[in-house]
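Here is a walk through one protein chain, part by part. Look at the sequence and the model first, then read on.

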Amino acid sequence: MCELKRALSSAHNTSPGPDGISYELLRHLNEGSLVSLLYLFNRIWREQVYPTQWQEAIVIPILKPGKDPKDPLSYRPIALTSCLCKTLERMVNTRLVYQLEKNRCIPLFQSGFRVKEDPLSTILLN
């Protein structure tokens, strides 16, 4: 439950995906609903069956600044995916990164896409 709450609190208020469920809605779920959501996530993990709807996205073309709107290459695609899916992904990523750091699987010279190291995390990982 702690991991779920941390994942929801660290999420930015992005637009919802095809299911229409926003982070704002997820953050206001009561404890019973959060338990049900956690049950769903654990079932997905155990059964290795990913909801088909989570594989869909709404793609919105955004015009790049100063570019010709008539040229298709002037647009940047933005994919809106399910906030439920992104929450589960965030939880899995947190566990995976923890295990990789703990077992020193990432070379020390690798600095991009890593959590900023602080003395406490170093102590916890040793």
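The term pLDDT stands for the predictor's confidence in each residue, on a scale from 0 to 100. Two residues are said to be in contact when heavy atoms of theirs lie within 4.5 Å. Over residues 119-123 the pLDDT stays under 50, and for this stretch the model has 1 contact beyond four places in sequence. For the protein chain the mean pLDDT is 90, and 91% of its residues reach 70 or more.

This is a predicted model, in which local features need pLDDT of at least 70 and side-chain atom pairs count only at pLDDT 80 or more, while totals for chains, interfaces and linings use all residues. Residues are numbered from 1 along each chain as its sequence is written, and side-chain values use heavy atoms, with hydrogens and water left out.

Two further sets of terms are needed. Helices (H or I, at least four residues) and strands (E, at least two) are DSSP runs, numbered from the N terminus. A residue is buried at under 20% relative accessible area, exposed at over 50%, and partly exposed in between, using a 1.4 Å probe and protein chains only.

The buried residues in α4 are Cys83, Leu84, Cys85, Thr87, Leu88, Met91 and Glu101. An α-helix has 3.6 residues a turn, so residues three or four places apart point the same way. Asparagine 93 also belongs to α4, but its relative accessibility of 44% makes it partly exposed. Between asparagine 93 and threonine 14 there are 79 residues in sequence and 19 Å in space, C-alpha to C-alpha.

What lies at the N-terminal end of α4? Serine 82 caps this end, with a side-chain oxygen 3.2 Å from the backbone nitrogen of leucine 84. Serine 82 sits in the loop between β2 (75-80) and α4 (83-102). With a relative accessible area of 1%, serine 82 is buried. Its side chain also makes a polar contact, at 2.8 Å, with the side chain of aspartate 19. A polar contact is a pair of N or O atoms within 3.5 Å; within protein, one must be able to donate a hydrogen and the other to accept it, and residues adjacent in sequence count only if both atoms are side-chain atoms. Beyond its neighbours within four places in sequence, serine 82 is in contact with Gly17, Pro18, Asp19 and Trp54.

Trp54 leads on to the aromatic residues. Rings of Phe, Tyr and Trp (its six-membered ring) pair if their centres lie within 6.5 Å; planes under 30 degrees apart count as stacked, over 60 as edge-to-face and the rest as tilted. The whole structure holds 2 aromatic pairs. In one of them, the rings of phenylalanine 41 and tryptophan 54 have centres 6.3 Å apart and planes at 75 degrees, so this pair is edge-to-face. Phenylalanine 41 is in helix α3 (residues 31-47) and tryptophan 54 in the loop between α3 and β1 (58-63), so the pair ties together parts 13 residues apart in sequence. Phenylalanine 41 is buried at 2% relative accessibility, and tryptophan 54 is buried at 8%. Tyrosine 50 and tryptophan 54 also form an edge-to-face pair, 5.7 Å centre to centre with 85 degrees between the planes. Tyrosine 50 is partly exposed, at 32% relative accessible area. Phe41, Tyr50 and Trp54 form one aromatic cluster.

Next come the cysteines. A disulfide is a pair of cysteine sulfur atoms within 2.5 Å, and the whole structure has 0 of them. For cysteine 83, the nearest cysteine sulfur is that of cysteine 85, 9.6 Å away; this is too far for a bond. Cysteine 83 is buried at 0% relative accessible area, and cysteine 85 is buried at 3% relative accessibility.

The backbone has some points to note as well. Most residues other than glycine have a negative phi, and most peptide bonds are trans. Glutamine 48, in the loop between α3 and β1, has a positive phi of about 55 degrees. Glutamine 48 is exposed at 71% relative accessibility, and arginine 104 is exposed at 58% relative accessible area.
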